Amino acid sequence: SNSCVNSAFRLPTTNSCQDVEDVFLARLGLRWKDAVALLGAHTLGRGNSEFSGHHGTWVPNDSEAQVFDKKYYEELFRRAWRPRDVGTDHQDWTTGSSGSRSPKMMLNTDMCLLFDIDDKKQCCSRTNLFKSNGRNRCEVSSLENKECSRINRNHPRFEASKAVKTFLGGSGPNNNNAPFYDAFAVAWFKATTNGLEVLKPLKDTC
């Protein structure tokens with residue numbers, strides 16, 4: 001926009017949860033639960049390497065990437081994510097076979113909500129998943145015994161990790177989107193009305 005130069009730089013970069021904390025918590029005054037809910041919007045759309053340097057969807061395919069639901073948290077929790085493009089400015093995470101027609105991805109700012117990857121990005125999120133042929137789903141042999149550490153209750157981001165698990169909607173497969181939807185509505189309201197005290201509700205009709 002010509003009227004708001006460099007406005008894109010007000011959003012978190014993809015480097016780490018420090019960027020998320022700086023924008024959503026320090027500047028907007030939100031809680032970690034709010035930040036995690038807003039990041040759930042990643043369930044929609046896809047990244048394109050030509051524009052962001054990150055390629056793929058956060059959910060299994062383009063069709064599911066058109067549905068606003070809790071799939072983002074399920075994917076973050078249940079997949080074996082491994083680092084991709086390590087050593088570049090666009091380092092992120094992927095899962096599944098290399099060269100897939102439907103590449104999947106997570107950014108550092110996604111992974112750090114559930115895993116302690118601040119100082120260790122050479123790891124796999126789940127080393128206990130195997131294919132039917134016995135091959136480890138981490139796909140890279142050097143990572144098969146290097147599982148990423150989960151955020152524990154003593155970690156500064158424990159509230160973020162707790163929120164991810166809450167937004168799963170339950171301990172097993174389910175269609176309970178209510179915890180995510182409710183939290184997103186609250187977080188969106190906070191983020192879009194922050195600093196504005198004289199807003200008025202929209203009229204039902206013009």
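## Salt bridges

A salt bridge is counted where a side-chain nitrogen of Lys or Arg lies within 4 Å of a carboxyl oxygen of Asp or Glu. By this rule the structure, which is a predicted model, holds 12 salt bridges.

## Other charged pairs

Glu74 forms a salt bridge with Lys70, and here the closest N and O atoms are 2.3 Å apart. Both Glu74 and Lys70 are buried, and the two residues also belong to a network of salt bridges that links Glu64, Lys70, Lys71 and Glu74.

In another pair, Arg135 forms a salt bridge with Glu139, the closest N and O atoms being 3.5 Å apart.

Lys33, Arg150, Arg153, Lys162 and Lys165 form a positive surface patch. One of them, Lys165, is found in helix H5 (residues 158–167). Lys165 is partly exposed, with a relative accessible area of 39%, and it can therefore be part of the patch, as patches are made of residues with over 30% relative accessible area and no salt bridge.

## A mostly covered helix

Helix H2 (residues 32–39) is mostly covered, for 7 of its 8 residues are buried. The buried residues are Trp32, Asp34, Ala35, Val36, Ala37, Leu38 and Leu39. They pack against several other helices, namely helix H1 (17–27), helix H3 (71–78), helix H4 (108–111), H5 and helix H6 (178–193).

Pro83 has its place in strand E3 (residues 82–84), and it counts as buried because its relative accessible area is 13%, where buried means under 20%. Which residues are in contact with Pro83, leaving aside its neighbours within four places in sequence? They are Gln91, Asp92, Trp93, Lys121, Gln122, Cys123 and Leu143. Pro83 and Leu107, which are 24 residues apart in sequence, are 9.4 Å apart in space, C-alpha to C-alpha.

Conventions: Residues numbered from 1 in each chain as written. Predicted model: local features only at pLDDT ≥ 70, side-chain atom pairs only at ≥ 80, totals over all residues. Heavy atoms only, no water. Patch = residues over 30% accessible without salt bridge, like charges linked within 9 Å, V, L, I, M, F, W, Y side chains within 5 Å. Areas by Shrake-Rupley, 256 points an atom, 1.4 Å probe, with all protein chains shown as cover. Lys, Arg positive; Asp, Glu negative; His and termini not counted. Charge placed at Lys NZ, Arg CZ, Asp CG, Glu CD. Helix = DSSP H or I, 4+ residues; strand = E, 2+ residues; numbered from the N terminus. Buried < 20%, exposed > 50% of the residue type's maximum accessible area, 1.4 Å probe, protein only. Contact = heavy atoms within 4.5 Å.
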